[in-house]
Amino acid sequence: MDIDEPTPTVYTLPIPRAPGPPPPAEPYALHRDAHTPLVLDNGSTTLRWGFASSAAPFTGLNAVAKYKERRTNKPLLLFGEAIDAESGAKSQTRTPWEGDVLLNFDALENALDYAFVYLGIDTPTVDHPVIMSERICTPLHSRALTSELMFELYNVPSLTYCVDGVMSFYANHLPPPTTPFTSDGLVLSFNTHSTSVIPILKGKGIMSHVQRIPWGAAQSSEYLLKLIQLKYPSFPTRVTSAQTNWMYRTFCSFTPSYPTLLKSLSNPATLRSHERILQFPFLLPQTDEKSPSELARLAEKRKEQGKKLQELAAKSRADKLLQKEADLEYLLDLRGESELTGKMSRKEWAARLSAEGFESEAALEDTIKKLDVYVKKARKKEAGEVDEPMEEPSFPLVDVPDEELDEEGLKEKKKQKLLKSGWEFRVRARKEKEREREEREREAKREEEERETDLAGWSSKMRKEQETLMGKIKDRARRKTALTDRKSAAAQARMKNIANLAADDRVPKKKRKGGGEDMFGADDADWQIYRKINITAPSDDEEDDLTSLHEIERKLLTYDPTFTPSHTHASLTSLSSALLTSFRPPYPDTDPAGHARIHLSTERFRVPETYFSPSMAGTDTAGLGEVIANVLARFPEHEKASLVKNVFLTGAPSQVGGLREKLEDTLRPILDPEMPMGIVQAADAGLDAWRGMAAYARTPEFGVHGVSRAEYEEWGGERVKRWWGGNRTGSS
Amino acid sequence: MATMKVLAMPPKGSTKKKPGPSDGAATPQGPSLAEQLSYLHYPRPFKNPYYNKNVNRRAKNLKAVLGQERERDRVKREALRNSKAERAAQGVDGMDVEEEEEEPNYSSIEAPPSVLPQRHYCDITGLEAPYTDPATGLRYHDKSVYALIQSLSPGIVKDYLSARGVNSIVK
């Protein structure tokens, strides 16, 4: 756990063990007619059961799943950890406890069945006096149904109810064999869904002064899960509450003084030193890694394909050329025909032409010329000669005055005029481009010279420009946000402008009388007001600024050694503070392992702190410290002293680190300075309740406080006898 | 990110193998782990076969159970008060009146709301939060966290608030 190493340790989730067949219990023959007391610690998370003669109980998760296997269609009944063996069974899990209260008796019946089957009970009734735990101040409905189950279904001879916290206290303060139990103490019982404070005086639990906060291990792990989901909203895998439960148990701890710790954690370095890194399983992206020979083969294939394509193209070109040549020959023949045959009548010639698809002789000439040029060019290309420069096209008809031309000539002339203007425009454009290019080259050369002669000066000039541009962008962004806020100066100025435009008194009174009009728009600059009013229109200036900024930065990056990528505009704007990067370290997109990592820094202390102030997590109750103070306040001083001298922590969630110190820190201020205070943790926080019950079952006074069969039939399921270890509700 | 090779799929139905002639030497498939762990078919002689559990009885939920408790408590308290009033009216000795303490029940032992002043903690980082964002209601530690808050979408803001227990239904 030492995080002072240069590379912090990365923890991984525990690998869940596959559930195996349970270890064998001792043979039942030992207990068959011995009436050994049966001890059942019915906990919200785990069920612990065994005979009072055993040293340790059998434990199992208090959950039952009735599941029908899809493949073989066999119904299954699984208990506890065995539910993990079948993934479909998890959704069918039923627990007897719903939160804090025992409500599901079907599940309880199945769980008890498992316990008794496991112990090997084969008699027609469960012939052992049973001692069973219930929650403190349990609703009588739960007790009634449990009694009904035990007495009617299992026919136990007697049943004793007790409170687990008190029994755990008993186990740790066992009196010598024949003396009664008279210890004093304040029991803090940490359970799954709640935490209770139970004062015990002279061996009796003072149930009327008990208080309970509805915050326990389940709520803590749920809170931790919520915090993790908020911190990592796009986490690749799903985090389950079982995993956060493990995280809570492993990484979280109480701190004596939460505010001082927080002050120290606001320093990013300290924050990093307190973090724990947890690596979740992740998928590696599938890269098609090919060996070099494969790559070479692929390259070869590609080249061959390219060559084939080239050959195909060449062939098609050659074919086209042949075709065009043939056409040209045919057309030349056609033209020659008209010349040869002498004076074919106009009409016949026109008919001939239209048969071939030409409108007029000029069209024919045109086509012939085009084909000729194409063929010549193609031949030249094949021969490998360079293209000769294009000759300037001539427009002879443009200069000829209109009167000399006939209708066709006029048309021709118009066409030629258009072509000529187009041609001239293109020439001019080309010249412009040339000029611009030269200008730019000259600029670049000048800049280069400047750069080479005086690098520092050039770079400072560039940097100044960059800063002004960045300043402009920032101003624009600020103005934009100011406009969204209704009360800001910019927004009010905008409204004033709009109001002015729409005001009635834009035109002075006198002018209006004389039919004057609003002279808005006469001046071109008036229209600029629309740019200011319309905030949603995208402005071209932004993009221009951005592009020029990028240009400057590029130049600086390449030529100025002192200008690093961290000075660029992009990195400066996306800079998040050191605090946030240490709180949630970012990983590059190419790192799938990094993206599946959870860093727990402040959560490690925040979650346990909710025991002492549940309002942090939204539960509106007093915290543990306040509740203890409330409970103690109801006792006179001397009793308070004996309670505080022996504060006892029990229950599996009390094993989270730092609890003792935290309680000392919390209790010391509310007590008299001279009052001695002692906080003790249970020897075995999870199993001590069962052990206490078993120890009690072995004493001779066992059975006196229980409800026998006859008494059950007389009183019903809700009534019990009042005794030091039991509840007071429903007791007499 | 992942470049997947597209494999040519075998023709449908080709994966279904027809069972070949069984020669009896093949080992039968054993029970799965779940079947081994299931105890559905274990004998349970200790159960009373004549116990007919009221199958029509629906499992009560927590609200119903607690309501029932409250009702019962109220009735008892009223009866007690009536009997006390009766006895006072009859003029019986005050000595006989037993100090019947309020019997604790599940709802009564619950802790009251806190009266201590609550500290503000940053919703994002968990450190102390001297400031609150008026637009969203989130508490934050310093201006860099504020910059982060401004960039959050309303859904995430709602999640942060509900983690603190502030469920604003307005939005």
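Residues are numbered from 1 along each chain as its sequence is written, and chains are lettered from A in the order in which they are written. Local features need pLDDT of at least 70, side-chain atom pairs count only at pLDDT 80 or more, and totals for chains, interfaces and linings use all residues, while side-chain values use heavy atoms, with hydrogens and water left out.

The model scores ipTM 0.79 and pTM 0.75. Residues 1-5 of chain A have pLDDT below 50. Chain B has a mean pLDDT of 77, with 73% of its residues at 70 or more. Over residues 1-22 of chain B the pLDDT is below 50, and beyond near neighbours in sequence this stretch has 8 contacts (heavy atoms within 4.5 Å) in the model. Where pLDDT is low, the predicted coordinates should not be read in detail.

The interface draws 67 residues from chain B and 88 residues from chain A. Between them the chains bury about 6,700 Å², 59% of it on carbon and sulfur atoms; buried area is the accessible area (1.4 Å probe) that two parts lose on being put together, summed over both. In chain B, the residues that lose the most area to chain A are B:Tyr39, B:Phe46 and B:Tyr106, together 13% of what that side buries.

Polar pairing also spans the interface. The rule finds 23 residue pairs in polar contact there, both residues at pLDDT 80 or more; such a contact is a pair of N or O atoms within 3.5 Å, where within protein one must be able to donate a hydrogen and the other to accept it, and residues adjacent in sequence count only if both atoms are side-chain atoms. The side of chain B that touches chain A divides into 32 nonpolar, 17 polar and 18 charged residues, where Ala, Val, Leu, Ile, Met, Phe, Trp, Tyr, Cys and Pro count as nonpolar, Asp, Glu, Lys and Arg as charged, and the others, Gly among them, as polar.

Within chain A, A:Glu436 and A:Arg440 form another at 3.9 Å, N to O.

Notes: pLDDT is the predictor's confidence in each residue, from 0 to 100. A salt bridge is a side-chain nitrogen of Lys or Arg within 4 Å of a carboxyl oxygen of Asp or Glu.
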